[in-house]
Amino acid sequence: MWQLPRFLNPVPAAIAAAIVIPALLVLYFLKLRRQEMPVSSTLLWKKAIQDLQVNSPFQRLRKNLLLLLQLLLLVLLMLSLARPVINWTPGAGKMTVLLIDRSASMSATDAAGKTRLDEAKRRAKELIGTMDRGSSAMLIAFDEGAETIQPFTSDTSALRGAVDSVQPTDRKSRLKVAYELAEAQTNFNPEQLRSLERPDVHVYSDGRVLDENDLSIHAHVVLEKIGADTAGNVGIVALNAKRNYERPTQVQVFARLANFGPEPTEAFVELSVDGEKVAVEGGKLHEVFLLPERWDDQARSDYESKGGRRAVDSVEYELDLTSSAIVKVEQMHKEGDLLKADDIATVVVPPPKALAVLLVSDGNYFLERALDSLPLQKREVRSVAEYQDKLPADFDVILFDRYKPEKLPPAGNFIYFGELPNGLKLKLARAAGPTTGQSDGADAGDAEPLVLEDIGVLDWNREHPILRGLSLSRLYVARSLALQLPLPQESQVLLDGLKGPLIVLHREGKSTHLLITFDSLQSNWPQRPSFPIFLSNALQYLAIGSEMDVRQSFQPGATPRIPRANLQRGENPIKKVRLSGPGMDRQLSVPDAGDFALPALDHVGIYSTDPPIPQFEKLAVNLLDANESNLLPTDKNPAGIEDVVTAEGGKKRLELWWWLVAVGAVPLLLIEWWVYTRRVHL
């Protein structure tokens, strides 16, 4: 398929033509220089009159074959100087394999409203239109894997329909599997078995494959390189979220961005939780300044040394979350950004854990009623004697009501009302010793704990997740235990009374202890609405500390595997699951045995299961791949490529100047010499 020729050097050629062609014509206008000579006959006067006519400066040019040949020769030389080139696309061969890249980078919109995949389809259909009678072709679409869309056929309509059916994914790009599939298909094709010629393999891609050095195929491979060198894109290439071990409800989110365009770019980053924008830094968005990734270290250093802004490519957030949430980070630089898949990255914060709680008490109506009102997976009440007989296990939180346990599990979460066990760094003040300062003995012998009476609230930590949103100013405590001061570094006062701490959070070893220094029955708290809310917050906060992981995202193309245990709902296991998300809404049947593998999640976004499967209620899929976000077509051709078709749709350009010289100018020069020596006239 040929295209119209174009010129690489038109301006110098035009300037040269404007000089030499008029100069040639001027030579034919020059007056003759006369010389007086005696003549013996007037027969030569006629010739003299003709010379006078030639010497006239404004006469019309006569027909002159020599002038015509010289003008043609100069025109050919000027055209050669302009360096004409022509692009051509080879037609389909006897047996052709079409490989179309459908990975994430092929969704970039280089042309207005059209993606690279659209351009690949257009070129593939053009090639199909060049198929001769008796030739055949097949179509393979590839990303990380490869899929035969249309086996070998001579039906061009079927091939065009197969090309139109190729859909984009957000997966990475690998070419090796596609090569292997193409080679396997051609080896089993009867046409190939009868022919010794290698098949043609046309690869429609921007060339950004991850396995470029591991490729080989016995075929004539042509890379139809798609994409513009000026393509710009700002993408999120890394996202990490984790809980703070010191504050388990605090989620720390880190994101890094990269600029794959040709120029430095300023971008803003927005954070949202469950669709609600989170204002930071005085209501402003985080700002980043990104230097082009295509610059090397020297170019970056030169830019900064000339007064350019210092690059800032990452953002960091801290959120306090006690409930489930979807945290989304989005870069807001949309102008000139050609790829959408890497503009957003999300992370799923798991929902509150269904807790197993043990209450050790000899009877507390209000505490039991408060626990009954909470959505607990398991709630058990044991007397003090039952606890002493058997140390409990498999409980997320254990509450001790007015009981000082002699033994504790080696790790866990514990809440105490009005008592504190021995052996901790956090200690009670004793009546025999001072109420402030460190006492001489661990527990001051057998001295009774110091009791404080008639205590009001001084202040509380309103930002802590356990007390956030609670109003405790009207809390009144009749009797409270005094703590030995100063408190250990591992302790944090959450509620401070007029005479001493009332609620203290203490971490030691593998355990977390929440001490309420007073008996709830010796206060007005059980009758106040804040009491069950406090209990719910405290249980969830302590349970989160035992499960620190925030669910990390999946890569496009992942097939998450759900353990059989997650599909059990009592005696009735889940049989049907509805999976919905970007480009997907499917009803899936759960196998009777073994784990359950979800289908490939090919697109970036949030997927959900219905009914919600524990730990798989929401699934986040993020691109986070610098190779796919880099839209610059690779300048290094993958191994196995023999010919490269440019982004303009032509093969390696064919320069025509030497054809003009060899076929046109040289023969004309020989003809002009012959005319001049033979004095041939028109």
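Asp274 sits in the loop between β10 (265-273) and β11 (276-277). Its phi is near 55°, a positive value in a residue other than glycine. This is a predicted model, and local features such as this one need pLDDT of at least 70.

Is Gln615 buried or exposed? Its relative accessibility is 52%, and exposed means over 50%, so Gln615 counts as exposed.

A cis peptide bond joins Asp610 and Pro611, with omega about 0°. Elsewhere, the peptide bond from Leu485 to Pro486 is cis, and its omega is near -5°. Pro486 belongs to the loop between β21 (476-481) and β22 (491-497).

Now follow β29 and β30 into their sheet. Strands of a sheet pair through backbone hydrogen bonds, either parallel or antiparallel. Which order do the strands take here? The sheet is open, has 4 strands and runs β27-β26-β29-β30, with antiparallel pairing. β27 (584-589) and β30 stand at the edges. Each has a single partner strand, so one side of each is left without a neighbour in the sheet. On average, neighbouring strands of this sheet are turned by 20° against each other, direction ignored. Between β29 and β30, which run antiparallel, there are 4 bridges. Ser608 stands opposite Lys618 in β30.

Next comes the nonpolar interior. In soluble globular proteins, nonpolar side chains tend to be buried together. The largest nonpolar core in this model has 41 residues. Which of its members touch the most others? They are Leu399, Ile415, Leu514, Phe534 and Leu539. Helix α11 (residues 530-545) supplies the largest share of this core, 8 residues. A second, separate core has 26 residues, among them Ile236, Ala267, Val269 and Leu321.

A helix pair gives another kind of packing. Helix α4 (residues 116-128) packs against helix α5 (residues 156-164) at an angle of about 175°. Their axes are 10 Å apart. Angles over 145 degrees count as roughly antiparallel, so α4 is roughly antiparallel to α5. On the α4 side, the contact is made by Lys121, Ala124, Lys125 and Ile128. They meet Thr156, Leu159, Arg160, Val163 and Asp164 in α5. What is the make-up of this contact? Its residues divide into 4 nonpolar, 1 polar and 4 charged.

The last stop is Asn630, in the loop between α12 (626-629) and β31 (643-645). Is Asn630 buried or exposed? Buried means under 20% relative accessible area. Asn630 has 16% relative accessibility, so it counts as buried. Leaving aside neighbours within four places in sequence, Asn630 is in contact with Arg208 and Phe260.

Definitions and conventions: Residues are numbered from 1 along each chain as its sequence is written. This is a predicted model: local features need pLDDT of at least 70, side-chain atom pairs count only at pLDDT 80 or more; totals for chains, interfaces and linings use all residues. Side-chain values use heavy atoms; hydrogens and water are left out. Axes are lines fitted to C-alpha atoms, for helices over the stretch in contact, and angles run from 0 to 180 degrees between N-to-C directions. Helices (H or I, at least four residues) and strands (E, at least two) are DSSP runs, numbered from the N terminus. Angles under 35 degrees count as roughly parallel, over 145 as roughly antiparallel, 65 to 115 as roughly perpendicular and the rest as oblique. Contact means heavy atoms within 4.5 Å. Ala, Val, Leu, Ile, Met, Phe, Trp, Tyr, Cys and Pro count as nonpolar, Asp, Glu, Lys and Arg as charged, and the others, Gly among them, as polar. Buried means under 20% relative accessible area, exposed over 50%, partly exposed in between (1.4 Å probe, protein chains only). A nonpolar core is a set of buried Ala, Val, Leu, Ile, Met, Phe, Trp, Tyr and Cys residues joined through side-chain atoms within 4.5 Å. Two strands pair if DSSP finds at least two bridges between them.
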